[in-house]
Amino acid sequence: RSVIAKLINVARSTLWREIKRNSTPHRYNPSHAIGLTRKRHERKKKRGIDRETLGKVELLLSRAWSPEQISQRLKVEGFQSVSHETIYRYVCQDEENGGKLYRYLRRRHKYRKRAGKYRSRKGWDTRRPISERPLIVDERSRIGDWEADTIIGRERKGGILSLVERRSRYCLLKKVPTKSAQTVAEAVCSLLLPVKDKVLTITSDNGVEFMGHQTISKSLGADFFFADPYSSWQRGTNENTNGLVRQYFPKKTDFTNLSDSEVQLVAERLNNRPRKVLNFRTPHEVLNNCFVALIS
């Protein structure tokens with residue numbers, strides 16, 4: 001049994017319990033074990049909130065207690081254990097059925113699922129950290145080093161892909177319907193493929209929307225790097241540009257109503273606006289002057 005446990009990468013005690021619980025009197029049969037497991041699952045009943053606890057929850061809600069306060073107080077008073085998430089779901093369901101419990105919440109927003117919390121990050125270990133990025137990128141002495149990020153709209157619906165060239169501060173913007181890795185990868189490639197020969201490196205944050213970094217890197221022939229977690233200053237050019245974009249599209253703007261032409265108009269205005277950091281030249285002028293110098 002020790003050898004088997006090692007081969008299938010489980011603890012020996014786990015294997016022992018499985019054999020004891022699902023074996024016939026003579027031997028362990030996988031088909032028989034699956035059948036027993038299914039029967040046990042069918043016999044399981046989802047435990048709901050009992051009437052007494054439910055009445056207590058509704059009473060405390062009417063007193064403007066928060067779901068978290070109610071959840072913890074139930075434990076203190078010996079009631080059935082109920083998480084604050086369950087209470088929120090109960091209030092949400094009550095509202096959908098025409099109930100009024102939601103009025104007792106301090107913030108009367110609808111119950112929202114935690115966006116992205118349980119998204120798979122398979123293959124995420126292929127990221128290259130910013131520490132491996134060539135030091136010349138920090139010098140801003142060449143054209144071709146880009147930073148990438150996404151700007152999210154109201155209720156996390158829709159977004160804008162933001163790409164900024166580090167030396168010239170030239171930005172490229174594109175509306176994206178979702179933050180899925182495939183959508184963002186396609187958007188990055190569509191923006192940068194026309195200037196593929198001027199794309200040497202790309203640096204982004206650790207958002208799951210950039211899980212398609214290998215596809216991007218292969219398509220553009222560029223190195224893709226990731227900033228350290230909670231280190232937005234390592235992508236300061238991008239963060240600053242996003243702030244400029246927010247001047248036109250403030251937070252809580254509904255991006256689903258934006259047209260592609262509106263987004264492109266903002267990019268055009270930013271690229272033709274004089275910047276102090278560029279000695280009051282525009283990103284467009286700096287980029288073009290660098291191209292001319294490279295051609296010469």
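**Buried rings and a buried valine**

F249 is buried, and F255 is buried too; here buried means under 20% relative accessible area, with exposed over 50% and partly exposed in between (1.4 Å probe, protein chains only). Welcome to this predicted model, in which local features need pLDDT of at least 70, side-chain atom pairs count only at pLDDT 80 or more, and totals for chains, interfaces and linings use all residues. Residues are numbered from 1 along each chain as its sequence is written, and side-chain values use heavy atoms, leaving out hydrogens and water.

**Aromatic rings**

- Searching the whole structure turns up 3 aromatic pairs; rings of Phe, Tyr and Trp (its six-membered ring) pair if their centres lie within 6.5 Å, and planes under 30 degrees apart count as stacked, over 60 as edge-to-face and the rest as tilted.
- One of these pairs is F210 with F224, a tilted one at 6.3 Å centre to centre and 45° between the planes.
- F210 sits in the loop between β4 (201–204) and α9 (213–220) while F224 is in strand β5 (residues 223–226), so their pairing ties together parts 14 residues apart in sequence.
- Both F210 and F224 are buried.
- The ring centres of F249 and F255 are 6.2 Å apart with planes at 70°, so this pair is edge-to-face.
- One aromatic cluster is formed by F210, F224 and F226.

**Around V245**

- V245 belongs to helix α10 (residues 236–246); helices (H or I, at least four residues) and strands (E, at least two) are DSSP runs, numbered from the N terminus.
- V245 counts as buried because its relative accessibility is 1%.
- Beyond neighbours within four places in sequence, V245 is in contact (heavy atoms within 4.5 Å) with I151, L173 and L270.
- The C-alpha atoms of V245 and I151 are separated by 8.9 Å, and these residues are 94 residues apart along the chain.
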